[in-house]
Amino acid sequence: MDILGDILAPYSSVIAKCVCTVTCLHYMSGGFLLNEIRKVGSSDGYPPDPFLGGVVLTVLSCKLGTLMGDEAMVKVNMFGFCINVIFTMIHFWYASGPFKMKIWTKIGVAGVFTITCLAYASFEDPYKIEFRFGMLITALLIGLVGMPLLELDAIINRKTTDGLSLPMTLAGAVVSAAWVIYAISIKNSMLTYQNALLLILSSIQLSLFAIYPSTISLMDKGPSLLFMEQKHSNKKTSNPLKDIQNKKFN
């Protein structure tokens, strides 16, 4: 790895610009999920966790970038913070009254957790904070990226990847690979192992798309998805049961 780092070191500034561009595009990939919400007309069937998690992680990553003196990391995460805040607001806008209360609760928990982590960074030993804070962010990233794998049993049983977003997963894999290259170029072992692990998790999820199609039968869909689709379809079509009964009486 040291040899590869020596080779990439002269190009670290160019690699940093490429990583920033790719990461910013990755943040924008959340728009695909928002477009699905727009089509359905409600965000009740879609948890806000990806966007709230993005807000928390970008704030903490900005702090880590400051500790490391990495300007590229600070800039890209400031952009990511703004994008995730906007996406969270749009998600909240499409939520129903009861679901909005749940979102407020999650926002409160995310806020308290973020403030606690930032407070910890202020009191920790300056010689240890970079590594420990980096490990904290790594754990959060693993939890966020690996969260879909908690449904692995359901995906295998249903033989479908419905519920996973291919654009977001693919973008995540590309970004992780880009950060691995950048981390090697600046010889930062923590960033290297962190993003290598994320790349492995994203690759596992991508393999699921190759194995299982993204289609799901009506009986396998969750109640929230069924309700959303029924609500959406009722705007366009009449009740088929009533149509059959009317034909019989006519």
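Which element gives the largest share of the lining of the second largest pocket? In this predicted model, that share comes from helix α4, which contributes five residues.

## The second largest pocket

The space in the second largest pocket comes to about 330 Å³. Its lining is made up of 14 residues, and those closest to the centre of the pocket are D49, L52, G53, V56 and A110. Two or more residues of the lining are given by each of the elements α4, α6 (97-123) and α7 (129-146).

Sorted by class, the residues of this lining are 10 nonpolar, two polar and two charged. Empty space of this kind is found by rolling a probe the size of a water molecule over the atoms.

## Helix α4 beside helix α5

Helix α4, which spans residues 49-68, also packs with helix α5, at residues 71-93, and the axes of the two helices come within 8 Å and cross at roughly 160°. Because an angle over 145 degrees counts as roughly antiparallel, α4 is described as roughly antiparallel to α5. The crossing of these two helices is left-handed, and their contact holds 15 nonpolar and 10 polar residues, with no charged residues.

## Helix α2 beside helix α9

A second pair is formed by helix α2 (residues 12-28) and helix α9 (residues 166-185), whose axes lie 9 Å apart and whose packing angle is about 160°. This angle makes α2 roughly antiparallel to α9, and α2 passes α9 in a left-handed crossing. Two packed helices are described in general by the angle between their axes and by the distance between the axes.

K187 is placed in the loop between α9 and α10, the latter at residues 189-211. The phi of K187 is near 55°, a positive value in a residue other than glycine. Most residues other than glycine have a negative phi.

## Segments annotated in UniProt

An unreviewed UniProt entry places the feature "transmembrane region" at residues 76-95, 101-121, 133-152, 164-184 and 196-219. In the model, the chain over residues 101-121 is 100% helix and 0% strand, with the end C-alpha atoms 31 Å apart. Over residues 164-184 the chain is 90% helix and 0% strand, and here the end C-alpha atoms are 30 Å apart.

Terms used. Residues numbered from 1 in each chain as written. Predicted model: local features only at pLDDT ≥ 70, side-chain atom pairs only at ≥ 80, totals over all residues. Heavy atoms only, no water. Axes fitted to C-alpha atoms, helices over the stretch in contact; angles between N-to-C directions. Helix = DSSP H or I, 4+ residues; strand = E, 2+ residues; numbered from the N terminus. Parallel < 35°, antiparallel > 145°, perpendicular 65-115°, else oblique. Left-handed = near helix turned anticlockwise from the far one by under 90°. Nonpolar A, V, L, I, M, F, W, Y, C, P; charged D, E, K, R; others polar. 1 Å grid on protein atoms, 1.4 Å probe; cavity = no way out; pocket = protein on both sides within 12 Å on 5 of 7 lines; lining within 4 Å. Points joined across faces, edges and corners; volume = space filled by probe spheres on them. UniProt positions renumbered as here; feature names shortened; annotations may be inferred.
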